[in-house]
Amino acid sequence: MAKITAGISTSHVPALGAALDQGKTKEGYWAPLFKGYEPSRQWMQENTPDVVILVYNDHASAFSLELVPTFAIGCADRFQIADEGWGPRPVPVVEGHPELAWHIAQSAIEDEFDMTIVNRMPVDHGLTVPLSMMFGQPKSWPCQVIPIAVNVVVYPPPSGRRCYHLGQAIQRAVESFEPNLNVQVWGTGGMSHQLQGSRAGLINQEFDKAFMDDLVANPEVLMQKPHVEYLREAGSEGVELVMWLIMRGALGPQAKELYRFYHVPASNTAVGHMILENA
Ligand code: DHB
Ligand code: FE
């Protein structure tokens, strides 16, 4: 049977992708940040999954205000790299896993999560930056990827509780898929960030660190957190953190923290990253 072996969380700041693509990762501003991901790239080489279920948000690349799905699952066999205004990032095309994706769609929908099924979805920095941070710059990505796009851009986004429960539904789906597959679930976005207005650049390290602690040990506390608390404490884009709860819900209650990294600044944001092993 397929099994979820680990969960990864990471910020997806587009400037990280640009730093990599432009060969700037050893420069002063970026060096400490990329150094913090080195142990993860090492761990990933030794623990490469067959499939990553990559929970991210689309930033008006595949979708627009004309169509805003709350939870969309990519069932295609490949996903092109989106052009976000500077041409597509120079990274490999993303290969999907249609059989597992359709299985998750069916299982989750029967489980009362009304997923939007998507067969064409160019993927933007929300998905490609986490792949780059974990795998570096390979000629092709070393695993297949099932994108799950979550609306955290247009009000109202789904609640943290709903996200956690979706993670649990994903776990049930994966563990009822017969082929033997090593599957990881990644939750991306965050941490504190406020990209516009008078509070632009807001960083709340205390909030971010408590969130990481609770993600491991007390996810039920995070399930209660209302959107307005993310907005107030972590900035308007801080609400991307609900996507980490989908990852956490897909792991067992005793998930073990293998690695944690936290760094300020990266563009306007705090970068947070964790590796959790599914006990
Ligand atoms: C930035 C961060 C994001 O998460 C994003 O989607 C776009 C921009 C930033 O810090 O610049
Ligand atoms: Fe974002």
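H7 and H10 are roughly parallel to each other, because angles under 35 degrees count as roughly parallel, over 145 as roughly antiparallel, 65 to 115 as roughly perpendicular and the rest as oblique. Helix H7 (residues 205-217) and helix H10 (residues 242-249) pack at about 20 degrees with their axes 10 Å apart, where axes are lines fitted to C-alpha atoms, for helices over the stretch in contact, and angles run from 0 to 180 degrees between N-to-C directions. This is a predicted model, in which local features need pLDDT of at least 70 and side-chain atom pairs count only at pLDDT 80 or more, while totals for chains, interfaces and linings use all residues. Residues are numbered from 1 along each chain as its sequence is written, chains are lettered from A and ligands numbered from 1 in the order in which they are written, and side-chain values use heavy atoms, with hydrogens and water left out.

**Helix packing**

- Helices (H or I, at least four residues) and strands (E, at least two) are DSSP runs, numbered from the N terminus.
- The crossing of H7 with H10 is right-handed; a crossing is left-handed if the near helix is turned anticlockwise from the far one by less than a right angle, and right-handed if clockwise.
- Phe211, Met212, Leu215 and Val216 of H7 meet Trp244, Leu245, Met247 and Arg248 of H10, contact being heavy atoms within 4.5 Å.
- By class, the contact of H7 with H10 has seven nonpolar, no polar and one charged residues, where Ala, Val, Leu, Ile, Met, Phe, Trp, Tyr, Cys and Pro count as nonpolar, Asp, Glu, Lys and Arg as charged, and the others, Gly among them, as polar.
- Helix H1 (residues 14-21) packs on helix H5 (residues 125-135) at about 50 degrees, with axes 9 Å apart, and the two are therefore oblique to each other; their crossing is left-handed.
- On the H1 side of that contact are Pro14, Leu16, Gly17 and Leu20, and on the H5 side His125, Val129, Ser132 and Met133, which divide into five nonpolar, three polar and no charged residues.
- The axes of helix H3 (residues 38-46) and H5 come within 7 Å and cross at roughly 80 degrees, which makes H3 roughly perpendicular to H5.
- Ser40, Arg41 and Met44 of H3 make this contact with Ser132, Met133, Met134 and Phe135 of H5.

**Largest pocket**

- The largest pocket holds about 810 Å³ of space; on a 1 Å grid over the protein atoms alone, a pocket is an open set of points where a 1.4 Å probe fits, with protein on both sides within 12 Å along at least five of seven lines, and lining residues have an atom within 4 Å of a point.
- Of the 36 lining residues, the closest to the pocket's centre are Pro14, His59, Glu84, His125 and Leu195.
- H1 gives the largest share of the lining, five residues, and the lining as a whole divides into 18 nonpolar, 13 polar and five charged.

**Backbone geometry**

- Most residues other than glycine have a negative phi, and most peptide bonds are trans.
- The peptide bond from tyrosine 155 to proline 156 is cis, with omega near 0 degrees, and proline 156 lies in the loop between strand S7 (144-150) and helix H6 (160-174).
- A cis peptide bond with omega of about -10 degrees joins glycine 190 and methionine 191, the latter in the loop between strand S8 (182-188) and H7.
- Glutamate 112, although not a glycine, has a positive phi of about 80 degrees.

Definitions and conventions:
Grid points are joined across faces, edges and corners, and a volume is the space filled by probe spheres set on the points.
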